[in-house]
Amino acid sequence: MEILSTLGLEGKVFIAQLINFLVVVFILKIILYKPLRKMLNERKNRIEKGLQDAADAKIALENAGEERKKILASAKSGADELTALTKASLEEIKIKLTQEAKNRSEQILEDAKQKAAMEFENMNRQIGKISVDISGKVMMHVFSSLFTDEEKNKILARALDKIEKVGYEKKSN
Amino acid sequence: MSISPDILFTIAGFPVTNTVISTVITDIVLIALVLSIRKFMSVNPGKIQNAFEAVSEYFYDMTSGNAGSRASYIHPWVLSIFLFIVVSNLTALFPGFETVRFLNASDGHHGVPLLRGATSDLNLTLALAVISVVMTHYFSVKYTGIKAYIGRFLSFTMFPIMLFVGILEFMNEITKLISFSFRLFGNIYSGEVVISTMYSMFPIGLPVPFIMLEVLIAVIQAMVFAILTMSFMSMFTDKAH
């Protein structure tokens, strides 16, 4: 005990130092450790969340890449189908239009033929009329000196009637 | 420079020594430092907060590496011991310690130093050692149970070997108190004596390398005390140990 007092060990001071340090620990625990740990945990959580978000973003990016590839493949397949369909449609339309044009041209040709036949018929009739008229005039001129007017008219009527009948018969043949 | 602290005056029979004054200064500096850090504490730390966090995390990682989940109880004590000792040791190196004299009737015209390094007083270092050892035993009882705790010192398995080991363990606790308190006290007191001697020999320039050395010793001794406390607390709270 002698040596301890020589070293300056004093009971009251020792107890005071003991209490002082316990008070310091208590104060530090309240004002430092709790807020510090809370803040460090908060930061740790933030960093973990950031890392998790980054990992999620990476996965989402990879998924988006896969999705993009799928969409592109699907779009390409769709485009190919559409192209094939369009080609088929075009071919169909082409055939249809060609057929229609052919039909139309045939129709036009038929119409033209019919029109030409009608024109030809009309022309024949007119020519027939003209030829009857000319024949009548020629016969009038020839018969004027040979027969009386009554005879001339009878002959003429019969001749014209004959010419007319002959003309038609010939045409119908 | 005497080995025992000088009594400046007494308050209601309590002897106020120069180391008690230094302890109060240490408390004020430490709490002011902590409050200033806390004031600017944010999730995005500044330089000072970063440095402080580095110290705190260093001890926390070390404690959790040794004690696992028990680190949350051990770490505040370890960090408090480190901060208190390091602040105390470093403030003792500031000008004014040992040189500013306090005159009283008993010491004549020379007086006694008004301030002296708090850890150069055995009262403080022993108090820290007692707290360290007592808290170690408290945590041991709390985490391992009273049966396992007593079994550490009093075991009749493999009689008489384990009983002897138990006695040695008990002796070890006594020597732990002595080694804890005297290591810190001896290092800081001897450092102060060296610096004081250097000042008395050649006050300009000569003490500087010794002060630098003392800065190193101040930090190392604080670390030694804190790490040993952490180590003992981890060991004593481990059921398998």
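Leaving aside neighbours within four places in sequence, with which residues is B:Leu90 in contact? Select B:Leu90 and display its surroundings: the residues in contact with B:Leu90 are B:Val215 and B:Ala218, where contact means heavy atoms within 4.5 Å. B:Leu90 is placed in helix H3 of chain B; helices (H or I, at least four residues) and strands (E, at least two) are DSSP runs, numbered from the N terminus. With a relative accessibility of 30%, B:Leu90 counts as partly exposed; buried means under 20% relative accessible area, exposed over 50%, and partly exposed in between (1.4 Å probe, protein chains only).

Some conventions apply throughout. This is a predicted model, in which local features need pLDDT of at least 70 and side-chain atom pairs count only at pLDDT 80 or more, while totals for chains, interfaces and linings use all residues. Residues are numbered from 1 along each chain as its sequence is written, chains are lettered from A and ligands numbered from 1 in the order in which they are written, and side-chain values use heavy atoms, with hydrogens and water left out.

**Chain B as a whole**

Select chain B and colour it by secondary structure. Chain B contains seven helices and four strands, arranged along the sequence as β-β-α-α-α-β-β-α-α-α-α. Its C-alpha trace spans about 65 × 50 × 40 Å along the principal axes. Chain B has 241 residues, of which 45% count as buried. Where contacts in chain B join residues at least 6 apart in sequence, 69% of them link residues at least 24 apart. The accessible surface of chain B is about 11,800 Å², and 73% of it belongs to carbon and sulfur atoms; such areas come from the Shrake-Rupley method with a 1.4 Å probe, and for residues only the protein chains shown count as cover.

**Helices H3 and H4 of chain B**

Next, select residues 71-91 and 122-144 of chain B, which are helices H3 and H4. The two pack at an angle of about 175°, with their axes 11 Å apart. Axes are lines fitted to C-alpha atoms, for helices over the stretch in contact, and angles run from 0 to 180 degrees between N-to-C directions. H3(B) and H4(B) are therefore roughly antiparallel; angles under 35 degrees count as roughly parallel, over 145 as roughly antiparallel, 65 to 115 as roughly perpendicular and the rest as oblique. Show side chains for the contact: H3(B) contributes residues including B:Trp77 and B:Phe84, and H4(B) contributes residues including B:Leu128 and B:Phe139. By class, this contact has 11 nonpolar, one polar and one charged residues. Here Ala, Val, Leu, Ile, Met, Phe, Trp, Tyr, Cys and Pro count as nonpolar, Asp, Glu, Lys and Arg as charged, and the others, Gly among them, as polar.

**The core**

Centre the view on B:Leu128. Not counting residues up to four places away in sequence, B:Leu128 touches A:Phe21, B:Phe84, B:Ile85, B:Leu184 and B:Phe225. In the largest nonpolar core, of 51 residues, B:Leu128 is among those with the most contacts, together with B:Leu83 and B:Phe225. A nonpolar core is a set of buried Ala, Val, Leu, Ile, Met, Phe, Trp, Tyr and Cys residues joined through side-chain atoms within 4.5 Å. Elements giving two or more residues to this core include helix H2 (11-143) of chain A and helices H6 (161-201) and H7 (207-236) of chain B. The largest share, 12 residues, comes from H2(A).

**Between the chains**

Select H2(A) and H2(B), whose axes come within 12 Å and cross at roughly 95°. H2(A) is therefore roughly perpendicular to H2(B). Among the residues making the contact are A:Leu36, A:Arg37 and A:Arg43 of H2(A), and B:Phe52, B:Glu53 and B:Tyr60 of H2(B). The contact divides into six nonpolar, two polar and four charged residues.

**Two loops of chain B**

Select B:Ala12, in the loop between strand E1 (7-11) and strand E2 (14-17). Its phi is near 50°, a positive value in a residue other than glycine. B:Ala12 is exposed, with a relative accessible area of 87%.

Finally, select B:Leu115, in the loop between strand E4 (112-113) and H4 of chain B. B:Leu115 is buried, with a relative accessible area of 13%.
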